[in-house]
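Visitor: Hi! Could you walk me through this protein?
Guide: Happy to, let's take a look together.

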Amino acid sequence: MQRKAYLPGTAALLAVLLAGCTSGSGDESPTDDANPGDAGTATVTAQPGKYRSLPEPCGSIDHDGLDALLPGIKQITDPSQRDKAYQGQATLTYDTNRKVGCGWKVESADATDHLSVDFERVVSYDNSVSDADQAKTLYQEKETAADLPEQSSGSATTQSPAGTPTPTASPSGGASPSGSPSAPASGASGSAGATPDDLQPRVLTDLGDQGYLDDRLKPSGSTAGQRTVTVVFRTSNVVVTIQYEEQPTATGTVPESKEMQDRALELASQLDDELGG
């Protein structure tokens, strides 16, 4: 019996069709530029800050607290003027959700006292940096700018419940380090000399997450000495700054460090409690 012969053209066409079917059914490679190694990888986003709002600064201190910090208030005889002094003056700000402050200035027979309280809520715009870490950076910049004297080993300072700073260990040598901003005056007695170690500008170990106190005395010269005590602390993503200043009326008078520091630390502790730190 004579065998049938396939035409060469027909055989070639069948080969092409078979090759196409084979390559189509087994080819599972991606057709775009996607990187297979990125599949299932999630971007880690830093946690938002604990605080989403700020307290009303002019109402953050009650009358008893202002009486202690600003003795001249109780000497104001006019009730309306006294009420105005208690109210303070809000700091000008363009975003009260991010930064607020309040200031008070009161004159008495013995001195003029200034007090300011500022709250700053820090927000990080970097998804890899949390709000608290961004606030930590801001706080560290403030502490570095304060140029606090170096503390001796083992002399970390704590704050007693009454607000009086107490050193956990006594470093050797009572003289203040060279370049200390408050070296010209003695805080306890008001006389010239070295500042006691427990009244030196220092890091505070039990206020918020981080904190420090600075104490500066403007040389008296021909006028009374002006002392400024600054307390800065951070609680999560909020940085609080307290500035307490006193200018005595009498020439040659120097405000006491201990009294001013105790008042400023007591206020700082109260504000930290109000924030829930």
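Guide: One term before we start: contact, or touching, means heavy atoms within 4.5 Å. Also, this is a predicted model.

Visitor: Okay! Which residues does Glu246 touch?
Guide: Leaving aside residues up to four places away in sequence, Glu246 touches Ala111, Thr112, Asp113, Gly225, Gln226, Arg227, Pro255, Met260 and Arg263. Glu246 itself sits in strand β9, residues 238-248.

Visitor: And what is the nearest side chain of opposite charge to Glu246?
Guide: That is Arg263, 4.3 Å away. A salt bridge needs the charged atoms within 4 Å, and Glu246 has none, although it is buried.

Visitor: New topic: how many disulfides does the structure hold?
Guide: One. Cys58 and Cys102 form it, with their sulfur atoms 2.1 Å apart. The pair links distant parts of the chain, 44 residues apart: Cys58 is in the loop between α1 and α2, while Cys102 is in strand β2.

Visitor: Is Cys102 buried or exposed?
Guide: Cys102 counts as buried because its relative accessibility is 0%. Cys58 counts as buried too, at 16%.

Visitor: What about helix α4, which of its residues are buried?
Guide: They are Asp131, Ala135, Leu138, Tyr139, Glu143 and Ala146. Seen down the axis of α4, these fall within an arc of 140°, so they line one face of the helix.

Visitor: Why would spaced-out residues point the same way?
Guide: An α-helix has 3.6 residues a turn, so residues three or four places apart point the same way.

Visitor: Nice! What do the buried residues of α4 pack against?
Guide: Strands β3, β6, β7, β8 and β9. The face turned away from that buried side carries the exposed residues Glu141, Thr144 and Ala145.

Notes: Residues are numbered from 1 along each chain as its sequence is written. This is a predicted model: local features need pLDDT of at least 70, side-chain atom pairs count only at pLDDT 80 or more; totals for chains, interfaces and linings use all residues. Side-chain values use heavy atoms; hydrogens and water are left out. Helices (H or I, at least four residues) and strands (E, at least two) are DSSP runs, numbered from the N terminus. Buried means under 20% relative accessible area, exposed over 50%, partly exposed in between (1.4 Å probe, protein chains only). Lys and Arg count as positive and Asp and Glu as negative; His and the chain ends are not counted. A disulfide is a pair of cysteine sulfur atoms within 2.5 Å. The arc is that of the directions from the helix axis to the C-beta atoms.
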